[in-house]
Amino acid sequence: MLKKLWPHAQPYTLWIVTGVGCSAAEAIFELLIPLVMSDIVDIGIANGDQNFILRKGLLMVVMAVVSLAFGVGAAICSSVAGQGFGANLRKAEYDHIQTFAFSNIERFSTASLVTRLTNDVNNMQMTLMFSMRLLVRAPVMLVSALVLSVRISMELSGVFLVAIPLLAVVVSVILVKAGPMFRSLQERTDALNLVVQEDLTGIRVVKSFVRQDHEQEKFAKRNQALKSASERAFGVVVVNMPIMMLIVYGTIIAVMWFGGQMVYGGTLEAGKLITFFTYITQIMMSLMMVSMTFMMLTRSVACAKRIVEVLEERPAIDDSEAELDVNDAECERPAAVKDGSIDFDHVSFKYSADSPEWVLRDIDLHIRSGQTVGILGGTGSGKTSLVALIPRLYEADEGTVSVGGRPVRAYTMEHLRDAVSVVLQKNTLFSGTIRENLLWGDPNATEEQLWAACRAACADEFLERMPDGLDTDLGQGGVNVSGGQKQRLCIARAILKRPKVLILDDSTSAVDTATDAKIRSAFVNELRDTTKLIITQRVTSVMDADLILVMDGGRVAAQGTHSELMETCEIYREVYHSQQEGVGIDG
Amino acid sequence: MVSMAENRNAHPGRPGHGPKGGFRKPKDMWGTLRKLMAYLGRYKAYLAVVVALLVISSACTVGGSYIISPLIDDYILPGDFPGLARMLGVMAAVYITGAACSFGYARIMVHVSQNTVARIREDLFARMQKLPLQYFDTHTHGELMSRYTNDIETVSEALNNSFGSLVSCALNFTGTIIMMLVLSPSLTLITFAMLAVMLWVVKTIGGRSRRYFAAQQKAVGEVNGYIEEMIEGQKVIKVFNHEHAAMAGFAERNETYRQAGTRAQIYAGMMMPVMGNLSYVNYAITCCVGAILAVGGGGFDLGDLAAFLLYAKQVSQPITQISQQMNTILSAVAGAERIFEVMEVQPETDEGQVALVRVTEDRAGRLTEAGFDTGSWAWKHPDGTLTPLRGDVRFDHVVFGYDERKVILHDISLFAKPGQKIAFVGSTGAGKTTITSLINRFYEIQSGTITYDGIDVRDIEKDSLRRSLGVVLQDTHLFTGTVADNIRYGRLDASDEEVEAAARLAGADTFIRHLPRGYATVLSGDGGSLSQGERQLLNIARAACANPPVLILDEATSSIDTRTEKLIEKGMDRLMAGRTVFVIAHRLSTVRNAKAIMVLEQGEIIERGDHDDLLEQRGRYYQLYTGRAELD
């Protein structure tokens, strides 16, 4: 795990080393100061040498100032390194997610990815920062304090031989016990948050069905579970402190007893005994710091695991099979999509390898470049899955999907998706202006090109009514436009790519029929060479298509033109009649 | 309506509601603390014990150190070892008591704080349930979620750690100062001077640190917001090859956060070394002056100096600790304030007194309230009279806007007689969904009246009103749980047979049986594994299971293909039979057989009548209806 995380901290090696150095120096100074103090007592006072006392006092002040400088240095280095590490890690994780295929994203779920990028990374950067300050300082203090106490009295230091192992045992027992408790605490927090989140998204359902009490009950149950988990976890943690105290106090008493005899016997000066006490406190304090840091680390280990999981996730789809362009003189550029022809060669597909049923089964179809293809089919018949294979959003399990005469795997994703434009069923606009969103399609589009695309998507009429036109701010997630307007903007954005293949996945469901017809006629006129695939539930939307596919249960049940299908396909006739009844009345 | 609907998507918190360490200067510190205290008030007895234990444990700590000096002077130097052993025994007793007390208070504090936090969470959730929809429309999910994730967490942390250490710091500080004064008032003066310097430092560094923390929180908010939006839209990013731009946008915000965070953390991290070393300076000065005093004699000996120095070292500890805790405490107060803000939002008003009850009807037509499911319903008026529920809904000159200044619905009048099917047609944003949201009183109208069986809806208890209306919403929502659980959401006591019957009615039975575990299949992530059409079928099944007298179908079948729709038509007809039904649909074939069709445009009913009337009028409906015929 550390191997996976370290590279992101590596650019800050110098800061980390300096920071650790500062922490160590600070710790050493903190120990040297009591040494000076003991000199003051044992030499200065014993000899009544005021001069000596003042000199040593001044030395102490100087040392404190130097130590302060080191302390501030440590703060600066650890902050720079911690925040830098966090930023690098976040960036690496985020960038890695950008390479994910749809199936990868679905495996983690967006909500979980967000937490892994935000809370988990923040926790990691905090951990590094505090570890640099505490984890380094503590052992340095421990070792130097031990060395110094041994210097004062070898015999007396024997006390630590008992105290430290005892402490180590206690701390490790607590850590071992607390680890799983914190994990269960984390799980129960997730469970509680899930109830809140679902309640928030479904608040209208909750209120409509008057299920507030039911929700409250669900919440209360998880709340209780969380409460008992945290009480248990923190209950173990609080044992830490008193036990530490007992061991420290035990040591003090032991030192008092043995040290007292030594003082009486003349083998130890009284001042040294007092200094020794200072060391005891310091040693024990540093051990406490170590144990606290370990507590923190147990919690961060969970976060680190979650981040590494994301980092180690292999993108399900990559460019490894992309071929080079044979027409290119140097044969160095990857192949580009030549035209909009689409071929499915006995393609089968399912979303997960272990699901028993195929989503698409043995699809064999051939679409010429420039054709308009309508896709009809029942709920769950595989329409969306079929078109998702074309821009390689998912990978076919059997058979080959080809675009422009080459298998989709033979292109880099960038080339393929530049050539194949999809308007997804659940589409998203991003915060920013309408213009910024449209420019996703083509960053270099001119004003005229933007408006032309909007005209084709019938978005011009409402854009013209908006006071700021293309510069209207959409707000987050496009809250300032209606569902139908949003769909039209998404279509405009897709058209701007000037794709070889344009796929509309039920993208005009919120647009009225008249506008829908207008958009389609614009396609015919302006996207003559583009292959157009239109998934819809309205027969009228695809009646004049060159080819209509009727999907049923993951297979292409029938294909042909409107008139052919009216002849041959029972399902198609049924759908047609179900939608045409009204029109007859008025002719 | 439009913006409201879109607003419900989960979005990140605004700046300032970022993750841990959420920092905003509290507006009303004392008011918030009072409210927190009210929660703690339940545990008065516990807290009294905590304080008592704290006092004892502090006394033990201070006392334990105090014994050291006399031990050296009175027992070790004279060599009185039996006495020393006795005294060490006393010391051990004192220390053990101290440790025991400190364990006691920490453990009790965990209990108190976790219970308090659990109660705050529960109250918050309960209050949230009662908030009007308007509130959810205007606040993002991320924002509300962060109340549970960040804000409560900070409160919990502060209660767990800070409360105890705050009290113990205050006690230790007072105790130490007293002991110092007893040992040497003049040396204590030095300490006082030093403390003044320290307080000044705390104020200066603390002030800076707070400013930078605020900047950091803003940056965190922006990074988190960007992450949330981009990850939500990840699929669109992939489709548009927009990964590089998304990375660049992220890199920029990430860098801003790094810079702001670094600055904030530097100042926060400086506090400890600065305070610690200032205390060394204090120590040094005390040492010098003390040594001079000891050399000079005057009743101040070596042992006294040793003890005093122990205290001199101790005295700054509580201050360092408090200054360290200050960020935690202030964040907690700010967090608590945000929690209380939500709790203090005016809940949905419900002054209605007419209740919905189940009744039995005897031959004479007299109604009697029944405690079980009879299949018939009645309104129970405050005076105890019962009138049958018929499903007569009327709008009389209703005016409504989500925002007082922006009227969405203008002067809407309409009526639906019991058993009638009323349809709303019109382009998106015309106000169709808004009208149905007014029937179940999701929003309050500005003027006019809406009556239900002749009763003003404002006089009907909200829960009763909503129970009488079955709603299938445009946006499908499924909860984590089994398919059966989700259908049963309509009526919690429905038997398995009833659940399956409802699913059959909605035409959902077939696909459910094809799921890996049928009705026991667990759905998660809002039913993400189902297609949009399947989700809608489940939503209809849920409403069918509830079996309400009045139905509102808001684009209930928009994602269901027409063939499936045809297949479930019979079931839908059975579902709608005998009920008043409000239907909203884009697909005009869905609404053709409605008793009355209202054509809405920009918040006004511009045409009304049945299908044939409207076609004859050759108006907007005619245009819409023939819109697709144009192609022929």
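Arg498(A) counts as partly exposed, because 18 C-beta neighbours lie inside 10 Å; by the rule used here, a residue is buried if 20 or more other C-beta atoms lie within 10 Å of its own, exposed if 12 or fewer, and partly exposed in between, with C-beta atoms placed from the backbone. This is a predicted model, in which local features need pLDDT of at least 70 and side-chain atom pairs count only at pLDDT 80 or more, while totals for chains, interfaces and linings use all residues. To find your way, note that residues are numbered from 1 along each chain as its sequence is written, and that chains are lettered from A and ligands numbered from 1 in the order in which they are written.

**Two stops in chain A**

Stay with Arg498(A), which is found in the loop between helix 17 (483-495) and strand 7 (501-505) of chain A; helices (H or I, at least four residues) and strands (E, at least two) are DSSP runs, numbered from the N terminus. The phi angle of Arg498(A) is near 45°, a positive value in a residue other than glycine. Now select His346(A), whose phi is near 45° and is likewise a positive value in a residue other than glycine. His346(A) is found in strand 1 (residues 342-349) of chain A, and it is exposed, with 12 other C-beta atoms within 10 Å.

**Across to chain B**

Show both chains together, and you will find 138 residues of chain B in contact with 138 residues of chain A, where contact means that two C-beta atoms, placed from the backbone, lie within 7 Å. Helix 9 (residues 243-295) of chain B gives the largest share of the chain B side, 29 residues. That side of chain B divides into 67 nonpolar, 46 polar and 25 charged residues; Ala, Val, Leu, Ile, Met, Phe, Trp, Tyr, Cys and Pro count as nonpolar, Asp, Glu, Lys and Arg as charged, and the others, Gly among them, as polar.

**Chain B as a whole**

Along the principal axes, the C-alpha atoms of chain B fill a box of roughly 115 × 65 × 50 Å. Of the 632 residues of chain B, 53% count as buried.

Colour chain B by domain next: it is divided into domain 1 (2-343), domain 2 (355-388) and domain 3 (393-631), with bounds that come from an automatic or database domain assignment. The C-alpha centres of domain 2 and domain 3 of chain B lie 26 Å apart, and the contact between them takes five residues from domain 2 and seven residues from domain 3. On the domain 2 side, strand 1 (355-361) and strand 3 (376-380) of chain B are the elements that give two or more residues.

**An open sheet and its helix**

Select the four strands of chain B that form an open sheet in the order 6-5-8-9, with antiparallel pairing; two strands pair if DSSP finds at least two bridges between them. The edge strands, each pairing on one side only, are strand 6 (409-416) and strand 9 (455-456) of chain B. Five bridges join strand 5 (residues 393-400) of chain B to strand 6 of chain B, and among the residues involved, Arg394(B) has Phe415(B) in strand 6 as its bridge partner. Helix 11 (residues 432-439) of chain B packs on the sheet, touching strand 5, strand 6 and strand 8 (447-452) of chain B.

**A covered strand**

Move to strand 7 (residues 421-425) of chain B, where five of its five residues are buried. Lys421(B), Ala423(B) and Val425(B) point one way from the strand, and Ile422(B) and Phe424(B) the other way. Strand 7 of chain B pairs in the parallel sense with strand 14 (residues 580-584) of chain B over four bridges, and four bridges also join strand 7 of chain B to strand 15 (residues 596-601) of chain B, again running parallel. Ala423(B) has Val583(B) as its bridge partner in strand 14 of chain B, and it stands opposite Ile597(B) in strand 15 of chain B.

**Last stop**

Finish at Val472(B), which is found in strand 10 (residues 469-472) of chain B and counts as buried, with 25 C-beta neighbours inside 10 Å. Leaving aside neighbours within four places in sequence, Val472(B) is in contact with residues including Asn539(B), Ile540(B) and Leu553(B).

Key
Axes fitted to C-alpha atoms, helices over the stretch in contact; angles between N-to-C directions.
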